[in-house]
Amino acid sequence: MEWISILKCPITGKDLRLLRQEEISELNSKIAGGQLWQADGKAFNETLVQGLITVDNTYIYPIIKEIILLLKDLAITDDKNRIIKDTISDDKKLVKNFYDQRGWHTDEAGNYEDAVIYEDLREVSKDYIKKCHDRVSRFLNPSGKYMLDAASGALQYTDYLQYSDSYQYRVCVDFSFQALSEAKRKLGPKGLCILCDITNLPFRDGVMDGFVSLNTIYHIPKEEQVTAIKELYRVLAVNGKGVVVYDWFKHSPWMNFWMLPFRGFVFIKNRILDGFGKIFGTKGAERRLYFYAHEPEYFQKNLPPYQLKVWRSLSVHFMRYYVHSWFFGKQLLQWVYNKEEKQPDVCGLKGEYPMLVFEKNQ
């Protein structure tokens with residue numbers, strides 16, 4: 001298990017080692033006696049089969065079904081003085097709960113609910129979307145030992161697997177145990193699956209030869225998005241390369257223009273529904289998933305140097321409203337793709353989904 005050497009405790013920063021069998025037996029005796037607690041203060045009462053421990057013996061991290069739990073809330077201790085009570089925020093819980101309970105479960109057609117809700121899965125869009133997925137590979141090192149995928153989700157598109165084809169390990173990190181279970185099933189021994197917070201990555205500096213973070217950062221609380229990207233850059237090795245796919249949303253001038261009529265309709269509809277809600281005392285719609293999009297200037301000021309390229313110019317809503325097979329949809333998407341290939345910087349700035357491309361030279 002050479003990969004243990006790249007890990008660190010997310011609470012203390014100390015190195016980790018594998019628990020010995022006699023230690024596991026002793027810990028299970030303590031569990032039976034109610035003498036172990038999670039770092040968030042909850043009693044730990046599950047039988048321990050495998051796990052990691054800090055080299056100073058302060059915190060224990062279970063390994064369950066080959067998934068390493070390195071989320072600091074879930075660290076285990078036998079000393080109540082080490083309870084941190086520093087639980088994840090409500091916005092992060094919202095994301096975690098959505099993907100555990102819904103997002104990474106499949107429908108009858110085999111599609112994950114996340115894709116059904118947030119992607120255009122129609123036949124007319126398939127070729128364009130695949131070619132956009134393929135773009136990511138151009139900006140990664142073709143091979144290496146460790147390729148970090150943050151947050152990997154369930155690796156819902158087979159196109160995503162190509163990014164780590166020539167890497168020894170794909171290190172999948174995510175908030176969702178369900179997502180990591182799916183990722184592990186698809187990757188087998190090649191996959192190192194770790195439950196953790198990407199704003200506090202449990203890895204030593206400079207251990208990843210590459211990273212991808214696809215359509216994730218904008219689901220992190222707005223004040224922590226820069227922290228998450230800096231963490232990705234921190235763990236990147238010298239000469240390593242990484243790609244973040246982001247969403248400008250209302251900071252995309254092209255999508256603002258084309259989507260104005262629809263956004264105006266939605267705005268008016270929501271105001272009417274809110275008005276009826278106040279009159280009749282009904283509750284508004286339940287929050288599904290946290291989302292916040294920063295403007296490009298914010299990242300330019302606060303991140304290490306990066307290149308801005310295009311991943312995809314068109315939003316999902318644009319495609320669903322304007323792109324149809326009966327109205328030259330494939331031809332339109334091919335024209336857009338050709339424009340993106342000719343002007344990747346411009347399309348990355350003015351379209352919907354940019355790629356932030358990083359390379360660490362020292």
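## A first look

Of the 362 residues in the protein, 50% are buried; buried means under 20% relative accessible area, exposed means over 50%, and partly exposed lies in between, with a 1.4 Å probe and protein chains only. This is a predicted model, in which local features need pLDDT of at least 70 and side-chain atom pairs count only at pLDDT 80 or more, while totals for chains, interfaces and linings use all residues. Residues are numbered from 1 along each chain as its sequence is written, and side-chain values use heavy atoms, with hydrogens and water left out.

The protein has eleven helices and 13 strands. These are DSSP runs numbered from the N terminus: helices are H or I with at least four residues, and strands are E with at least two. Among contacts between residues at least 6 apart in sequence, 73% join residues at least 24 apart; a contact means heavy atoms within 4.5 Å.

## Inside the protein

Let us start with strand β10 (residues 208-214), where Met 208 is found. Met 208 counts as buried, at 0% relative accessibility. Leaving aside neighbours within four places in sequence, Met 208 is in contact with Ile 6, Tyr 146, Leu 148, Val 171, Phe 203, Val 235, Leu 236 and Ala 237. Met 147 is 61 residues away from Met 208 in sequence, yet their C-alpha atoms are 5.9 Å apart in space.

Strand β8 (residues 167-174) holds Asp 174, which is buried with a relative accessible area of 7%. The Asp 174 side chain reaches the backbone nitrogen of Ser 176 at 2.8 Å, a polar contact (N or O atoms within 3.5 Å; within protein, one must be able to donate a hydrogen and the other to accept it, and residues adjacent in sequence count only if both atoms are side-chain atoms). Not counting residues up to four places away in sequence, Asp 174 touches Ala 151, Ser 152, Gly 153, Ala 179, Leu 180, Ile 194, Leu 195 and Cys 196. Helix α4 (residues 123-135) has buried residues too: Val 124, Ser 125, Tyr 128, Ile 129, Cys 132, His 133 and Arg 135. What covers them includes β12 (307-312), α9, α10 and β13 (353-359).

## Cysteines without a bond

How many disulfides does the structure hold? There are zero disulfides, a disulfide being a pair of cysteine sulfur atoms within 2.5 Å. For Cys 193, the closest cysteine sulfur belongs to Cys 172 and is 4.7 Å away, so the two are too far apart for a bond. Cys 193 is buried, with a relative accessible area of 1%, and Cys 9 is buried with a relative accessible area of 1%.

## Charged pairs

The count of salt bridges comes to 21; each is a side-chain nitrogen of Lys or Arg within 4 Å of a carboxyl oxygen of Asp or Glu. One of them joins Glu 182 and Arg 185, with the closest N and O atoms 3.0 Å apart. Both residues lie in helix α5 (residues 177-187), three residues apart, about one turn of the helix. Glu 182 is buried at 15% relative accessible area, whereas Arg 185 is exposed at 56%.

Glu 231 and Arg 234 form another salt bridge, the closest N and O atoms being 2.8 Å apart. They are three residues apart in helix α6 (residues 225-235), so about one helical turn separates them. Both Glu 231 and Arg 234 are buried. Elsewhere, salt bridges that share partners join Arg 17, Arg 20, Glu 22 and Glu 23 into one network.

## The surface and some backbone details

The protein exposes about 17,900 Å², and carbon and sulfur atoms supply 53% of it; accessible areas come from the Shrake-Rupley method with a 1.4 Å probe, and for residues only the protein chains shown count as cover. Trp 326, Phe 327 and Phe 328 make a nonpolar surface patch of about 450 Å². Patches are made of residues with over 30% relative accessible area and no salt bridge, joining like charges within 9 Å and nonpolar side chains (Val, Leu, Ile, Met, Phe, Trp, Tyr) within 5 Å. Phe 327 sits in the loop between α9 (316-322) and α10 (329-342) and is exposed, at 52% relative accessible area.

Most residues other than glycine have a negative phi, and most peptide bonds are trans. Phe 328, in the loop between α9 and α10, has a positive phi near 55° and is exposed at 57% relative accessible area. Phe 249 has a positive phi near 50° and lies in the loop between β11 (236-245) and α7 (253-280). A cis peptide bond joins Ala 150 and Ala 151, with omega about -15°.
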